[in-house]
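Work through the exercises below with the sequence and the 3D structure at hand. Each task is followed by a solution in steps.

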Amino acid sequence: MKIVCRCYDITEEEIIETIKKYNITSLEELKRILNVGMGECQGRTCIPIIISIMSRILGKSPDDIEVPKPRPPAFTVRLGDFIGDEDAHK
Ligand code: FES
């Protein structure tokens with residue numbers, strides 16, 4: 001059992017089963033079913049591995065796997081910005 005998405009404890013087997021069961025063709029569809037890529041790391045850890053798995057299962061190049069569009073907030077916000085800390089930008 002190989003854990004691929006550590007944020008949600010999703011295994012490689014679960015990903016493969018889901019791709020086959022629902023005829024998944026895009027990462028967005030997989031995210032909606034398994035929540036992969038939506039954890040604390042925002043997919044930095046698992047998305048590249050999942051793209052590799054999808055490319056293997058679907059017989060596509062990794063470049064042909066459709067990746068989800070980023071949604072706001074798409075930039076880092078320092079905690080100090082929320083409390084008006086002027087030193088947060090230094
Ligand atoms: S490891 Fe998948 S969202 Fe963090």
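**Exercise 1.** Among contacts in the protein between residues at least 6 apart in sequence, what percentage join residues at least 24 apart?

*Solution.* The model is predicted. Take the contacts whose partners are at least 6 residues apart in sequence; of these, 44% link residues at least 24 apart.

**Exercise 2.** List the secondary structure elements in order, then decide whether the protein is spread out or compact by the globule rule.

*Solution.*
Step 1. The protein has 4 helices and 2 strands.
Step 2. Along the sequence they follow the pattern β-β-α-α-α-α.
Step 3. The radius of gyration is 16 Å, while the globule rule gives 12 Å for 90 residues. The value is well over the rule, so the protein is more spread out than a compact globule.
Step 4. Along the principal axes, the C-alpha atoms fill a box of roughly 50 × 25 × 20 Å.
Step 5. Of the 90 residues, 17% are buried.

**Exercise 3.** Describe how helix α1 and helix α2 are arranged and which residues make their contact.

*Solution.*
Step 1. Locate the helices: α1 covers residues 12–21 and α2 covers residues 27–34.
Step 2. Their axes come within 11 Å and cross at roughly 115°.
Step 3. Angles of 65 to 115 degrees count as roughly perpendicular, and α1 and α2 are therefore roughly perpendicular to each other.
Step 4. The crossing of α1 past α2 is right-handed.
Step 5. On the α1 side the contact is made by E14, I15, T18 and I19, and on the α2 side by L30, I33 and L34.
Step 6. Sorted by class, this contact has 5 nonpolar, 1 polar and 1 charged residues.

**Exercise 4.** D9 is not a glycine but has a positive phi. Where does D9 lie, and is D9 buried or exposed?

*Solution.*
Step 1. The phi of D9 is about 50°.
Step 2. D9 sits in the loop between β1 (3–5) and β2 (10–11).
Step 3. Within 10 Å of D9 there are 10 other C-beta atoms. A residue with 12 or fewer counts as exposed, so D9 is exposed.

**Exercise 5.** Repeat the analysis for N23: what is its phi near, in which loop does N23 lie, and is N23 buried or exposed?

*Solution.*
Step 1. N23, a residue other than glycine, has a positive phi near 50°.
Step 2. The loop that holds N23 runs between α1 and α2.
Step 3. N23 has 8 other C-beta atoms within 10 Å, so N23 is exposed.

Notes. Residues numbered from 1 in each chain as written. Predicted model: local features only at pLDDT ≥ 70, side-chain atom pairs only at ≥ 80, totals over all residues. Rg over C-alpha atoms; globule rule 2.2 N^0.38 Å. Buried ≥ 20, exposed ≤ 12 C-beta atoms within 10 Å, placed from the backbone. Contact = placed C-beta atoms within 7 Å. Axes fitted to C-alpha atoms, helices over the stretch in contact; angles between N-to-C directions. Parallel < 35°, antiparallel > 145°, perpendicular 65-115°, else oblique. Left-handed = near helix turned anticlockwise from the far one by under 90°. Nonpolar A, V, L, I, M, F, W, Y, C, P; charged D, E, K, R; others polar.
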